[in-house]
Amino acid sequence: MFEWMVHPLAALALVFWASVLFGGRSREWPAVVWAAAGLVLARLLGAEWAVHPAAGMLLGFFGARSFHRWRTHGPALLAGWTAGVLFMALGAGWLLFPLSVMGVIWLLTAVLSGSRRVSGALQRSPAPLEQGGSLPGWNTRAERVAAGAARKKAGARKPPPSSAAPDLLSSFLRDERLPGEARAQLAALDLRTREALATLNHLGQSGSEAAYLARAIRDEYTPTAVQAYLKLPPTLANTAPLRDGKTGRDLLREQLDLLLNAVQDLLEVALRTSGQELLTHQRFLEDRFRAVKDELKV
């Protein structure tokens with residue numbers, strides 16, 4: 001009798017889940033637990049679709065929080081990880097692969113960050129001047145000429161660019177010049193844009209405005225944001241404030257968060273579209289078999 005109420009309640013549980021993960025309560029593990037419990041309950045009551053957008057939001061949460069000051073979000077991240085295991089057990093098994101990739105990236109980032117800190121400390125330590133030597137940066141004219149010739153020679157050995165357009169978003173996932181949290185966000189963007197484009201194509205909307213926006217996010221907006229960050233001096237990109245006390249790293253993270261939210265909106269639109277078709281078919285079946293039942297009674 002009340003089965004129709006499950007889906008609106010599941011939608012409300014998704015809204016609460018998103019407000020906790022991407023709002024001011026993202027550090028509170030009890031809030032994450034309660035939000036996940038609402039989704040699990042909705043799934044058990046029959047809203048099987050609810051765990052899939054919830055799992056996608058969880059990927060964005062891990063991408064935004066696991067690599068940036070993760071220690072302050074430790075309990076909430078652990079609660080999110082537990083929720084992810086429940087979502088996988090309840091039908092979102094596809095979540096295992098992206099979570100595994102994020103875990104590997106997180107481990108590699110931790111190792112690389114530690115080695116870079118040690119290397120930076122060694123480079124900053126003063127080196128004794130040898131007799132007849134020169135201070136760092138004060139090369140002779142002959143040394144500068146030799147360095148310029150070496151750079152030209154290295155440039156001449158570069159292979160000609162490929163005629164095929166590269167997938168910039170995928171290539172950035174392996175770029176070690178980017179912070180770990182940015183690469184995790186890019187991994188989430190890669191998965192979500194692929195999912196959005198595949199869903200829209202399946203619905204026959206490959207030429208729609210939503211599909212155009214998903215392709216623009218993947219092929220234009222995201223690469224532009226990353227390339228702008230890579231143009232910053234490497235030694236200042238993560239330390240020097242550019243606006244309102246925010247560094248280039250902070251601004252890149254904010255821009256990728258905006259793009260992740262935009263793709264999530266596209267996925268929700270696709271979900272409503274496909275869900276409407278499913279609900280229409282359900283109403284047809286109910287009317288059809290109710291009529292058959294009435295005929296049998298007669």
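Biologist: What joins the side chains of Asp-175 and Arg-177 here?
Modeller: In this predicted model, the side chains of Asp-175 and Arg-177 are joined by a polar contact of 2.8 Å.

Biologist: And where is the place of Asp-175?
Modeller: Asp-175 lies in the loop between helix H7, which covers 168-172, and helix H8, which covers 180-202.

Biologist: Is Asp-175 buried or exposed, and why?
Modeller: Asp-175 counts as buried, because its relative accessibility is 13% and the cut-off for buried is under 20%.

Biologist: Which residues does Asp-175 touch, if I leave out those up to four places away in sequence?
Modeller: With those set aside, Asp-175 touches Arg-183 and Leu-230.

Biologist: Since H8 has come up, how do H8 and H9 cross?
Modeller: The axes of H8 and helix H9, the latter made of residues 209-230, come within 9 Å and cross at roughly 160°. That angle is over 145 degrees, so H8 is roughly antiparallel to H9. The crossing of these two helices is left-handed.

Biologist: Which residues meet there?
Modeller: From H8 there are Leu-186, Leu-189, Asp-190, Thr-193, Arg-194, Leu-197 and Leu-200, and they meet Ala-210, Ala-211, Ala-214, Arg-215, Ile-217, Arg-218, Thr-222 and Val-226 in H9.

Biologist: How many of the residues in that contact of H8 with H9 are charged?
Modeller: Four are charged, while nine are nonpolar and two are polar.

Biologist: What about H2 and H4, are they parallel or antiparallel?
Modeller: The axes of H2 and helix H4, residues 74-89, come within 8 Å and cross at roughly 15°, which is under 35 degrees, and H2 and H4 are therefore roughly parallel to each other. Their crossing is right-handed.
H2 contributes Trp-29, Val-32, Val-33, Ala-36, Leu-39 and Val-40 to the contact, and H4 contributes Pro-75, Ala-76, Ala-79, Gly-80, Ala-83, Leu-86 and Phe-87. These residues divide into 12 nonpolar, one polar and no charged.

Biologist: Where does Val-85 sit, and is Val-85 buried or partly exposed?
Modeller: Val-85 is in helix H4, and with a relative accessible area of 42% Val-85 is partly exposed.

Biologist: Stepping back, how many helices and strands does the chain have?
Modeller: The chain has 10 helices and two strands, and from the N terminus on its elements run α-α-α-α-α-α-α-α-α-β-β-α.

Biologist: How much of the chain counts as buried?
Modeller: Of its 298 residues, 33% count as buried. As for contacts, among those with a separation of 6 or more, 71% are between residues 24 or more positions apart.

Technical notes. Residues are numbered from 1 along each chain as its sequence is written. This is a predicted model: local features need pLDDT of at least 70, side-chain atom pairs count only at pLDDT 80 or more; totals for chains, interfaces and linings use all residues. Side-chain values use heavy atoms; hydrogens and water are left out. Axes are lines fitted to C-alpha atoms, for helices over the stretch in contact, and angles run from 0 to 180 degrees between N-to-C directions. Helices (H or I, at least four residues) and strands (E, at least two) are DSSP runs, numbered from the N terminus. Angles under 35 degrees count as roughly parallel, over 145 as roughly antiparallel, 65 to 115 as roughly perpendicular and the rest as oblique. A crossing is left-handed if the near helix is turned anticlockwise from the far one by less than a right angle, and right-handed if clockwise. Contact means heavy atoms within 4.5 Å. Ala, Val, Leu, Ile, Met, Phe, Trp, Tyr, Cys and Pro count as nonpolar, Asp, Glu, Lys and Arg as charged, and the others, Gly among them, as polar. Buried means under 20% relative accessible area, exposed over 50%, partly exposed in between (1.4 Å probe, protein chains only). A polar contact is a pair of N or O atoms within 3.5 Å; within protein, one must be able to donate a hydrogen and the other to accept it, and residues adjacent in sequence count only if both atoms are side-chain atoms.
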